[in-house]
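Subject: Structure handover

Hello,

Here is the structure I promised to pass on. Please open it first, then read my notes below.

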Amino acid sequence: MNPTFEQQALTLLPKLRRFAVGLAGHPADGDDLCQMTIERALAKRDKWQDGTRLDSWMYRIMRNIWIDEQRARTRRAKTFVGEDAGFAVGSDGGQEAQVELGNIDRALATLPPEQREAVLLVMVEGFSYREAAEIVGCPVGTLNSRLVRGRDALMALLEPDR
């Protein structure tokens, strides 16, 4: 018996959220992006073909929403302090891990969007180069180039003595 569309989407939620937070750069923005992705996928579920990879389809939806949001964000002027201004207040325990994760998040945020996508899809989400290239919509060689440049940039930022 094949699981329903909703059941399959539900099992993808942790991976989708992780990818969304990585793309967006902030947990709250990532949650919003994940929610918009689920909403759009449910509204357009008739466009998904049974028997094809639901994860790739949903990652592509998320990527398209993220691109649209980035474009809209550049058009809007920032008026308020960013949400991340209060993230460190009241954090408890695990300071070293929190600092290291913060360093990684900041390093990822400095990468160009194409490199950040490649790093997140391959190194964090575990997609093959071919699968990630399909999600992004570019040739495998292009994705590989983006991944290598992104990985090298991250290493330079995180381990400057190396």
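Start with a charge and a ring. The charged end of lysine 15 sits over the ring of phenylalanine 127, at 5.4 Å from the ring's centre. Keep in mind that this is a predicted model.

**Phenylalanine 127 and its partner**

Phenylalanine 127 has a relative accessibility of 4%, so this residue counts as buried. The structure holds four aromatic pairs. In one of these pairs, phenylalanine 127 meets tyrosine 59. The two ring centres are 4.7 Å apart. The planes stand at 85 degrees, and pairs over 60 degrees count as edge-to-face; that is why this pair is called edge-to-face. Tyrosine 59 is in helix 3, which covers residues 54-75. Phenylalanine 127 is in the loop between helix 5 and helix 6. The pair therefore ties together parts that lie 68 residues apart in sequence. Tyrosine 59 is buried as well, at 0% relative accessibility.

Ring pairs also link Phe5, Trp48 and Trp57 into a cluster.

**Helix 5**

Next, look at helix 5, residues 113-124. Which of its residues are buried? They are Gln115, Arg116, Glu117, Ala118, Val119, Leu120, Leu121 and Val122. After the helix comes glycine 126, with a positive phi near 80 degrees.

What does glutamate 117 touch, leaving aside residues up to four places away in sequence? Its contacts are Phe19, Leu23, Arg63, Trp66 and Val136.

**Helices 6 and 7**

Helix 6 spans residues 129-136, and helix 7 spans residues 140-158. Their axes are 9 Å apart, and the helices pack at an angle of about 100 degrees. Helix 6 is therefore roughly perpendicular to helix 7.

Here is who meets whom:

Best wishes

Note on methods: Residues numbered from 1 in each chain as written. Predicted model: local features only at pLDDT ≥ 70, side-chain atom pairs only at ≥ 80, totals over all residues. Heavy atoms only, no water. Buried < 20%, exposed > 50% of the residue type's maximum accessible area, 1.4 Å probe, protein only. Helix = DSSP H or I, 4+ residues; strand = E, 2+ residues; numbered from the N terminus. Axes fitted to C-alpha atoms, helices over the stretch in contact; angles between N-to-C directions. Parallel < 35°, antiparallel > 145°, perpendicular 65-115°, else oblique. Phe/Tyr/Trp six-rings, centres within 6.5 Å; stacked < 30°, edge-to-face > 60°. Lys NZ or Arg CZ within 6 Å of the ring centre and 35° of its normal. Contact = heavy atoms within 4.5 Å.
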